Amino acid sequence: MSISRINSKKRVEHHGEVFTGQREIKAMVNMVHEQAERLEARFLEPACGDGNFLLEVLERKLNKISKTRIQKEWEFDAIMGLASLYGIEILYDNVETCRKRLKEAFFKGYPKKFLKTFSAEKKVKLEKSVNFILEHNIVHGNALTYKMAGVETPIFFSEWTQLPDFLIQRKEFSFSHLITKSDSRTLNLFSDIGEEAFLPQEQHIWLPVRYDQIWNAPFLS
């Protein structure tokens, strides 16, 4: 039997924190299994806890590309899969744990057939990009106020767009603008399955860079 996990009675009382059991998570993700396997399909968990749902989706995306034969293609696709996941969490220890679990899953999914050519230099660059994405996609904030936890700073999310030649471009959007201006239509940032969508206005744009140089992208505007 799958049992929901509780860290402490105090956290339940103050934050309503109860972690969903693994069986329920798998069943819920199975309901959108086709989207969960698509690298470009974006997912937002507004109360992500320590990452149970996001981890399940990431593992499915990585499993989908596990038979990729070219190392660079796997790394690029895996980065895009990771960059498609977003989370907001009000408890910072959960934010840290969520980021850590997603990072561990990413490198655990690295195909063994590529390890001989996975140099220390390559790993450092890839790890920097993974850390950078997780820092900006999994945020310590309050989804109800659209602000970072404990401060008046608004939550911003980055959209990571796939370009030719293994390039990725980052654009930043205000979470409150996405939610309050969407007029109840599908959000362009988190759904890309063809419906008529609200097109948000980006706040900042960075120049395209290689997937293993995301953390070093020059600021454009």
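Contact means that heavy atoms lie within 4.5 Å of each other. The structure described here is a predicted model. Its chain has 221 residues, of which 43% count as buried, and its secondary structure comes to eight helices and 10 strands. Among the contacts with a separation of 6 or more, 65% are between residues 24 or more positions apart. The chain exposes about 12200 Å², with carbon and sulfur atoms supplying 53% of that area.

**The sheet**

- Four strands form an open sheet in the order β1-β2-β3-β4, and their pairing is mixed.
- Strands β1 (43–45) and β4 (147–148) are the edge strands, each pairing on one side only.
- Strands of a sheet pair through backbone hydrogen bonds, either parallel or antiparallel.
- Strand β2 (residues 85–89) and strand β3 (residues 138–142) run parallel and are joined by three bridges.
- I88 stands opposite V139, a residue of β3.

**Helix α6**

- Helix α6 (residues 92–108) lies across β2 and β3, and runs at about 160° to β3.
- The 17 residues of α6 reach 24 Å from the first C-alpha to the last, which is close to the 24 Å expected at 1.5 Å a residue.
- The buried residues of α6 are N94, V95, C98, R99, L102, A105, F106 and F107.

**Residue F106**

- F106 belongs to helix α6 and counts as buried because its relative accessibility is 0%, where buried means under 20%.
- Apart from its neighbours within four places in sequence, F106 is in contact with L58, L62, W74, A78, I79, L82, L126 and V130.
- F106 and L55 are 51 residues apart in sequence, while their C-alpha atoms are 9.5 Å apart in space.

**Salt bridges**

- The structure holds 12 salt bridges.
- One of them joins the side chains of R38 and E40 at 3.1 Å, N to O; R38 is partly exposed at 24% relative accessibility, and E40 is partly exposed with a relative accessible area of 43%.
- Another links the side chains of E172 and R170 at 3.3 Å, N to O. Here E172 is buried, with a relative accessible area of 11%, and R170 is buried, with 8%.
- The side chains of D212 and R210 meet in a salt bridge at 2.9 Å, N to O. In this pair D212 counts as buried at 10% relative accessibility, whereas R210 counts as partly exposed at 32%.
- K26, E56 and R60 are linked in a network of salt bridges.

Definitions and conventions. Residues numbered from 1 in each chain as written. Predicted model: local features only at pLDDT ≥ 70, side-chain atom pairs only at ≥ 80, totals over all residues. Heavy atoms only, no water. Helix = DSSP H or I, 4+ residues; strand = E, 2+ residues; numbered from the N terminus. Buried < 20%, exposed > 50% of the residue type's maximum accessible area, 1.4 Å probe, protein only. Areas by Shrake-Rupley, 256 points an atom, 1.4 Å probe, with all protein chains shown as cover. Pairing = 2+ DSSP bridges. Axes fitted to C-alpha atoms, helices over the stretch in contact; angles between N-to-C directions. Expected span 1.5 Å × (residues − 1). Salt bridge = Lys/Arg side-chain N within 4 Å of Asp/Glu carboxyl O.
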